[in-house]
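Take a look at the chain shown here.

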Amino acid sequence: NDETCELLMPYFKAPDFNFADAKKASGSVAGLCNWAMAMVTYHNVAKVVEPKIIMLREAEAELRLANKEMNQAEATMAEVQNKLDTMQAQFDAAMAEKQRL
């Protein structure tokens, strides 16, 4: 959390808190040093990315809703177009019959 990361900052700023110096003391300490710095970096990145992920999920939900509405509108339009085509065919047939007479 933010508080823990803040408490670690003085250690990170120390000139001997790095992998090379920690390796001289112990290989395990060197690994722990790298892990601690990586976790703070991850936490800072996650604070930026998490709101973006939430906004992405909301936008995807809105997109799904909009696509559903669009599909319904396209289905309605297809029905109306079929009726129009039928009426146009009837009209053309009536006009042909009129011309024939």
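Start with a term for how open a residue is: buried means under 20% relative accessible area, exposed means over 50%, and partly exposed lies in between, with a 1.4 Å probe and protein chains only. By that scale Lys47 is partly exposed, with a relative accessible area of 43%. Lys47 will return below.

The model is predicted, and local features need pLDDT of at least 70, side-chain atom pairs count only at pLDDT 80 or more, and totals for chains, interfaces and linings use all residues. Residues are numbered from 1 along each chain as its sequence is written, and side-chain values use heavy atoms, leaving out hydrogens and water.

Now take the whole chain. Its secondary structure comes to 3 helices and 0 strands. Helices here are DSSP runs of H or I with at least four residues, strands are runs of E with at least two, and both are numbered from the N terminus. Read from that end, the elements run α-α-α. Helix 1 covers residues 2–13 and helix 3 covers residues 27–100. Helix 2 covers residues 19–25.

How does the chain fill space? Its C-alpha atoms occupy a box of roughly 110 × 25 × 20 Å along the principal axes. The radius of gyration is 34 Å, while a compact globule of 101 residues would have one near 13 Å. That radius is taken over C-alpha atoms, and the globule rule is 2.2 Å times the number of residues to the power 0.38. What share of the 101 residues counts as buried? The figure is 8%. The chain exposes about 8,600 Å², and carbon and sulfur atoms supply 63% of that area. Accessible areas come from the Shrake-Rupley method with a 1.4 Å probe; for residues, only the protein chains shown count as cover.

Next come the charges. The chain has 11 positive and 15 negative side chains. Lys and Arg count as positive, Asp and Glu as negative, and His and the chain ends are not counted. The centres of the two sets lie 3 Å apart. Each charge is placed at NZ of Lys, CZ of Arg, CG of Asp or CD of Glu.

Side chains of opposite charge can pair when their charged atoms come close. A salt bridge is a side-chain nitrogen of Lys or Arg within 4 Å of a carboxyl oxygen of Asp or Glu. How many does a search of the whole structure find? There are 3 salt bridges.

Lys47 and Asp2 form one of them, with their closest N and O atoms 3.1 Å apart. This pair links distant parts of the chain: Lys47 sits in helix 3 and Asp2 in helix 1, 45 residues apart. Asp2 is partly exposed, at a relative accessible area of 43%.

Asp21 and Lys24 make another, at 3.6 Å from N to O. Both residues lie in helix 2, 3 residues apart, about one turn of the helix. Asp21 is partly exposed at 29% relative accessibility. Lys24 is exposed at 70%.

Arg100 and Glu97 also meet in a salt bridge, 2.4 Å from N to O. They are about one helical turn apart because 3 residues separate them in helix 3. Arg100 is exposed, at 59% relative accessibility. Glu97 is partly exposed, with a relative accessible area of 35%.

Turn to the nonpolar surface. Leu32, Trp35, Met39 and Tyr42 form a nonpolar patch with about 480 Å² of accessible area together. Patches are made of residues with over 30% relative accessible area and no salt bridge; like charges are joined within 9 Å, and nonpolar side chains (Val, Leu, Ile, Met, Phe, Trp, Tyr) within 5 Å. Trp35 lies in helix 3. Trp35 counts as exposed, at 52% relative accessibility.

Finish with some distances, each from C-alpha to C-alpha. Asp16 lies in the loop between helix 1 and helix 2, and is exposed at 53% relative accessibility. Asp16 and Ala75 are 59 residues apart in sequence and 69 Å apart in space. Asp21 and Leu65 are 44 residues apart in sequence and 56 Å apart in space. Ala66 is in helix 3 and is partly exposed, at 39%. Ala66 and Asp2 are 64 residues apart in sequence, with 38 Å between them in space.
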